[in-house]
Amino acid sequence: MSESIKNRYDFVILFDVENGNPNGDPDAGNMPRVDPETGFGLVTDVCLKRKIRNYVETVKEDARGYRIYVKDGVPLNRRDKEALGYLGVDKDLKAAKKEDPALDGKLRDFMCRNFYDIRTFGAVMTTFMKGALNCGQVRGPVQLGFARSIDPILPQEITITRVAITTEADAENKSTEMGRKHIVPYGLYRAEGFVSANLARKVTGFSQEDLELLWQAILNMFENDRSAARGKMAVRELIVFRHESELGNAPAYKLFDAVRVARKEGVVAPRQYSDYTVSVDGALPTGVTCQRFS
């Protein structure tokens with residue numbers, strides 16, 4: 001694998017949804033997630049990571065070093081067993097650890113080398129944790145927070161009809177059935193993330209090539225993951241702050257505060273991205289540069 005990254009990064013993602021449900025809440029009938037106190041829309045970090053994983057899997061197609069650990073319908077311990085087989089561990093993990101005190105690191109390194117999402121986001125590997133191995137929980141260098149809408153959203157419940165009747169008995173009595181669809185007419189969301197060069201060097205080996213793939217995946221995470229339920233979604237801009245050092249040259253909050261997203265004067269109900277202005281205000285701290293992707 002390539003050498004790990006040398007610089008810390010902080011970044012802001014701006015994405016929007018039009019007539020769709022960006023992240024349904026199963027505890028609320030799959031309605032779009034909303035902060036009940038403020039009315040701002042929410043999208044979980046788990047949802048965004050899933051989109052990034054899906055993109056990498058689509059582009060790399062299980063290429064060596066770019067496989068995906070957390071996959072829909074695939075037990076995690078199936079991949080854990082690959083590492084054990086590679087290292088020839090076929091007995092009790094505690095006994096194996098006594099024979100080889102360096103087993104923790106070997107298993108962790110195998111998983112990081114082979115699985116892009118572990119190298120990026122980290123993972124909790126239950127097989128190893130149950131075996132009392134310290135490598136079972138890997139802290140990844142890339143972390144994302146929840147996304148929040150710029151303005152409060154007004155989720156709508158749309159009544160729909162369908163001509164496909166569920167059962168023969170129902171077909172005798174009716175020709176259509178009613179349903180519900182939850183949408184956000186329009187919402188611009190902002191998510192913030194962090195890339196730790198220190199964790200990349202010490203733990204997972206996250207490289208410059210991995211970083212470039214991450215930016216590519218973020219910019220395109222909705223392009224190959226379309227769904228009728230999600231409507232029209234797009235990443236509008238990715239703003240990246242690069243630090244000159246491994247530990248950073250300024251607090252992340254100061255950089256995030258410099259990114260201003262404001263509704264244009266006279267716009268009452270935003271319905272498109274052009275209803276907003278996006279700017280990076282003021283001079284950046286010494287040792288920090290900014291790059292904007294769209």
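Predicted model: local features only at pLDDT ≥ 70, side-chain atom pairs only at ≥ 80, totals over all residues.
Reader: Why is Asp100 called partly exposed?

Author: The relative accessible area of Asp100 is 23%. Buried would need a value under 20% and exposed a value over 50%. Asp100 is therefore partly exposed, because 23% falls in between.

Reader: What makes strand 10 (177–195) a mostly covered strand?

Author: Of its 19 residues, 14 are buried. Each of those 14 is counted as buried because its relative accessible area is under 20%.

Reader: How do you know that strand 1 and strand 10 pair?

Author: Pairing requires at least two bridges between the strands. Strand 1 (residues 9–20) and strand 10 are joined by eleven bridges and run antiparallel, so they count as a pair. Within this pairing, Gly20 stands opposite Val184.

Reader: Why is strand 8 said to pair with strand 10?

Author: Two bridges join strand 8 to strand 10. The requirement is at least two, so the pair qualifies. The direction is antiparallel. Arg148 stands opposite Arg190, and Ser149 stands opposite Tyr189.

Reader: What makes strand 4 a partner of strand 8?

Author: Three bridges join strand 4 (residues 40–43) to strand 8, again in the antiparallel sense. With at least two needed, strands 4 and 8 therefore pair. Val43 in this arrangement faces Ala147 of strand 8.

Reader: How do you know that strand 7 and strand 9 also pair with strand 10?

Author: The bridge counts settle both cases. Strand 7 (residues 142–144) has three bridges to strand 10, and strand 9 (residues 156–162) has seven. The cut-off is at least two bridges, so each of these strands pairs with strand 10. Both pairings are antiparallel. Leu144 stands opposite Gly193, while the bridge partner of Glu157 is His182.

Reader: Which residues lie closest to the centre of the largest pocket, and what volume does that pocket have?

Author: The largest pocket has a volume of about 260 Å³. Of its 16 lining residues, Lys49, Arg53, Phe121, Gly122 and Ala123 are the closest to the centre.

Reader: What makes up the lining of the largest pocket, by class and by element?

Author: There are six nonpolar, four polar and six charged residues. Helix 1 (45–60), strand 5 (122–124) and strand 6 (137–139) each supply at least two residues. The largest share, seven residues, comes from helix 1.

Reader: What lines the second largest pocket?

Author: This pocket, with a volume of about 200 Å³, is lined by 15 residues. Pro152, Ile153, Tyr186, Pro270 and Arg271 lie nearest its centre. Strand 8 (147–152) and strand 10 each supply at least two residues of the lining, and strand 10 gives the largest share, four residues.

Reader: How are the lining residues of the second largest pocket divided by class?

Author: Ten are nonpolar, two polar and three charged.

Methods
Residues numbered from 1 in each chain as written. Heavy atoms only, no water. 1 Å grid on protein atoms, 1.4 Å probe; cavity = no way out; pocket = protein on both sides within 12 Å on 5 of 7 lines; lining within 4 Å. Points joined across faces, edges and corners; volume = space filled by probe spheres on them. Nonpolar A, V, L, I, M, F, W, Y, C, P; charged D, E, K, R; others polar. Buried < 20%, exposed > 50% of the residue type's maximum accessible area, 1.4 Å probe, protein only.
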